[in-house]
Amino acid sequence: SLQLRNIGKIVQKSVQTFFYFFSDDEEQNVKAAVHIQQDRMLIALKNKPLIYVHARKSANNEVVDHYLQYVNHASWMEIKVVDSAILSFEKLKQDIWALPVNSVVYDSNTGTVSSPFTSMVIGFGGTGLEAFKFLYEYSAFVDKDGKKTPFKCYAIDRKMDKMAGLIRSKMPAITNDELELIQAEVDSEKFWNKINSVLDELNYVVIALNDDAVGLSLAVNLFKYVIIHRNPKLPKLKILLRCYGKDAEERMDEVVNNLNRSIKTHRVEIRKFGISKELFNYEMILSEKILMEAKEFNLVYEGSDLSADEQWKRNFGDGEMKRLIEEKNMSLYHAIYDINRRVKQNVSNVQHQDTKLILMGLDGKDASSELKRFCEIVGTRKKLSVEYACSVNEKKLLFNLAQIEHERWIASHKLMGYIYQRDNNYVQKHHRCMCPWKSLDKGTQSFDCNVVDTTIRLACKKV
């Protein structure tokens with residue numbers, strides 16, 4: 001559109017060049033990025049530009065997002081898909097207030113949870129689906145008997161009849177018992193009857209309607225409805241409201257802040273999320289802070305003497321991809337998918353650290369001595385073992401956290417479409433470890449213990 005046919009000449013003297021296609025037209029963003037990726041002068045540059053594209057990380061854009069894993073690294077520029085829906089929840093995972101663990105009853109002596117987690121997502125488009133994924137994975141807890149605590153999400157959308165089939169087909173292990181799909185308009189009698197019937201069960205609501213005016217109006221009406229009709233003895237109901245447009249932020253702030261200040265005696269609170277300046281900034285897009293932390297987590301988990309980058313390359317680089325293709329008989333596509341699956345688990349391990357520390361009661365300012373003591377305890381466990389040299393109660397706490405990690409891992413794989421089968425099959429998405437923790441052999445259980453131990457070691461390093 002801008003007739004920038006000589007863009008290569010413009011940037012050839014730059015030390016480093018970035019292209020951002022951040023318009024609201026995601027299809028045009030991708031087309032423009034793929035077009036500029038083929039510019040011969042840009043390809044010839046020693047320091048190749050990076051291309052950032054605002055779009056959904058959907059099936060259509062999967063190849064674009066992982067393009068360098070499919071082609072010769074030396075001859076193509078990298079395109080990074082920036083999904084604002086995903087970024088919204090990457091940001092929320094760093095917000096202690098938003099974590100599901102703070103909406104349930106837990107015992108920090110045992111790390112167990114004694115209450116269900118019940119949520120509602122209103123608007124099940126890109127942001128709504130990411131909301132469900134966040135809530136489902138981060139509310140995977142265990143009770144005092146080691147059983148997964150109940151989870152329920154009511155997903156409501158006016159176009160649910162056109163979405164339900166694909167949602168169920170992509171996540172076959174998640175049934176109606178955990179995810180109830182409801183078609184309704186937010187101003188319909190059906191919608192408000194549903195609100196009324198489950199109001200005292202709910203402890204978390206996400207509003208993601210892709211329309212700031214409608215979303216804010218619904219949040220206000222729901223806030224007022226909760227004050228009148230919800231049992232005041234129940235814990236706080238959290239309402240998260242997605243803000244889509246920059247021009248709506250000021251008005252949302254005014255309304256939300258006034259509501260929250262006006263009713264301090266009632267346990268209900270609205271918070272907005274998805275603010276442009278919080279998502280589209282250096283830390284969230286360019287710094288790769290989370291990836292760097294994932295590399296550090298992976299290094300400590302492996303107990304390696306290599307650098308974080310070297311260990312990461314050994315686990316997830318070209319050599320590993322070649323091994324999967326040659327030894328596991330995987331296609332290039334499935335080798336890439338499996339590597340990215342494991343990369344995501346390292347990222348999740350980083351983002352889940354606060355939840356584990358909260359369950360242990362080690363998230364406060366005065367937890368340094370306890371952290372150091374637990375750091376000594378986890379140092380007594382040998383590789384592929386689940387035995388710690390500690391008291392019975394301390395061992396129970398660590399085992400419960402390992403079981404919670406296992407439930408989180410199962411939840412993440414259900415979201416990716418995996419189901420339980422006795423034999424692993426990464427093409428058909430079968431995994432033998434999607435079973436109760438107590439059914440696993442000690443060696444496999446030790447992997448979950450290792451995630452808990454690494455969390456404690458990294459937390460101890462920070463105090």
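1. Basis of the note. In this predicted model, local features need pLDDT of at least 70, side-chain atom pairs count only at pLDDT 80 or more, and totals for chains, interfaces and linings use all residues. Residues are numbered from 1 along each chain as its sequence is written, and side-chain values use heavy atoms, with hydrogens and water left out. Helices (H or I, at least four residues) and strands (E, at least two) are DSSP runs, numbered from the N terminus.

2. The sheet. Three strands form an open sheet in the order β1-β2-β3, and their pairing is parallel; two strands pair if DSSP finds at least two bridges between them. β1 (18–21) and β3 (78–82) stand at the edges with a single partner strand each, so one side of each has no neighbour in the sheet. From one strand to the next, the twist averages 20°.

3. The pairing of β1 and β2. Four bridges join β1 to strand β2 (residues 50–54) in the parallel sense. Tyr-20 has Tyr-52, in β2, as its bridge partner.

4. The helix on the sheet. Helix α2 (residues 26–37) packs on this sheet and touches β1, β2 and β3, where contact means heavy atoms within 4.5 Å. The direction of α2 makes about 165° with that of β2; axes are lines fitted to C-alpha atoms, for helices over the stretch in contact, and angles run from 0 to 180 degrees between N-to-C directions.

5. The two sides of α14. The buried residues of helix α14 (residues 308–316) are Ala-308, Gln-311, Trp-312, Asn-315 and Phe-316. They lie on the same side of α14, because they cover an arc of only 105° around the axis, taken from the directions from the helix axis to the C-beta atoms. Lys-313 and Arg-314, on the other side, are exposed. Buried means under 20% relative accessible area, exposed over 50%, and partly exposed in between (1.4 Å probe, protein chains only). The cover over the buried residues includes α13 (289–302), α15 (318–327) and α16 (332–351).

6. Positive phi. Most residues other than glycine have a negative phi. Asn-329, with phi near 55°, has a positive value; this residue is in the loop between α15 and α16 and is exposed, at 68% relative accessible area. Lys-429 also has a positive phi, near 60°. Its place is in the loop between β12 (419–420) and β13 (430–431), and at 25% relative accessibility Lys-429 counts as partly exposed.
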